[in-house]
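This report describes a protein fold, its sheet, its core and its aromatic pairs. Please look over the sequence and structure before reading on.

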Amino acid sequence: SGLAAALVCAAPWPVRAGSILDKSPQRSLSLYNTHTGEALNRIVYWQQGNYLPESLNEINYLLRDHRTDETARIDAGALDILFALRKQYPVGKPFEIISAYRSPATNNLLRRTGSGVAKTSFHMLGQAIDLRLPGVPLKKLRTSALQMKRGGVGYYPASDFIHIDTGPVRSW
């Protein structure tokens, strides 16, 4: 389908020879949405050189805006960042997802009621995920994400999560 072609053709970021991604015949993730209680266990989203549209759709649904129930395409590059983190920390627990896709309405609400929410957040583009990984100190997870140099990395120890995105390389 056209969606499948678009998902496959949109190379999320170049894979360097010898990287964790190059060496894996398939990529899978275990994800737990802290707001809905929904989970996906070891969902294979990439196999034999292709992203799997059905799996990506399941992930998109799990990572939807829990306030509005709206879904969006989650950038496969963000999923690949999580996969690479998981390979470094095989703790056997799912990533706990605090926030992924955020509708413009939700983003505006959070901007009005809180602080630290960007007006043009990568969450609204499906390019950002706020997460933690039980059993892995937040600081270690942040350091590993920073070392990848694959996008933005935010550190929120008081709220117990890190932010990753596929935008420009930067940190806060």
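## Terms and basis

A residue is called buried when its relative accessible area is under 20%, exposed when over 50%, and partly exposed in between, using a 1.4 Å probe and protein chains only. The model is predicted, so local features need pLDDT of at least 70 and side-chain atom pairs count only at pLDDT 80 or more, while totals for chains, interfaces and linings use all residues. Residues are numbered from 1 along each chain as its sequence is written, and side-chain values use heavy atoms, with hydrogens and water left out.

## Overall make-up

The protein has five helices and eight strands, where helices (H or I, at least four residues) and strands (E, at least two) are DSSP runs numbered from the N terminus. Along the sequence the pattern is α-β-β-β-α-α-β-α-β-α-β-β-β. Of the 172 residues, 45% are buried.

## The sheet

The eight strands make one open, mixed sheet in the order S3-S2-S1-S4-S5-S7-S6-S8; strands pair if DSSP finds at least two bridges between them. Strands S3 (50–51) and S8 (170–171) are at the edges with a single partner strand each, so one side of each has no neighbour in the sheet. S4 (residues 95–99) and S5 (residues 128–132) pair in the antiparallel sense over three bridges, and Ile97 stands opposite Leu131 in S5.

Helix H2 (residues 53–62) packs on the sheet and touches S1 (26–33), S2 (39–47) and S3. A contact here means heavy atoms within 4.5 Å.

## The nonpolar core

A nonpolar core is a set of buried Ala, Val, Leu, Ile, Met, Phe, Trp, Tyr and Cys residues joined through side-chain atoms within 4.5 Å. The largest one has 37 residues, and Leu82 and Ile129 have the most contacts inside it. H3 supplies the largest share of this core, eight residues. Beyond its neighbours within four places in sequence, Ile129 is in contact with residues including Leu63, Leu82, Ile97 and Ile164.

## Aromatic pairs

Rings of Phe, Tyr and Trp (its six-membered ring) pair if their centres lie within 6.5 Å; planes under 30 degrees apart count as stacked, over 60 as edge-to-face and the rest as tilted. There are two aromatic pairs in the structure. Tyr45 and Tyr51 are stacked, at 6.2 Å centre to centre and 20° between the planes. Tyr45 is buried, with a relative accessible area of 0%, and Tyr51 is buried at 7%.

The ring centres of Tyr156 and Phe161 are 4.8 Å apart with planes at 25°, so this pair is stacked. Tyr156 is partly exposed, with a relative accessible area of 26%, whereas Phe161 is buried at 12%.

Key. Axes fitted to C-alpha atoms, helices over the stretch in contact; angles between N-to-C directions.
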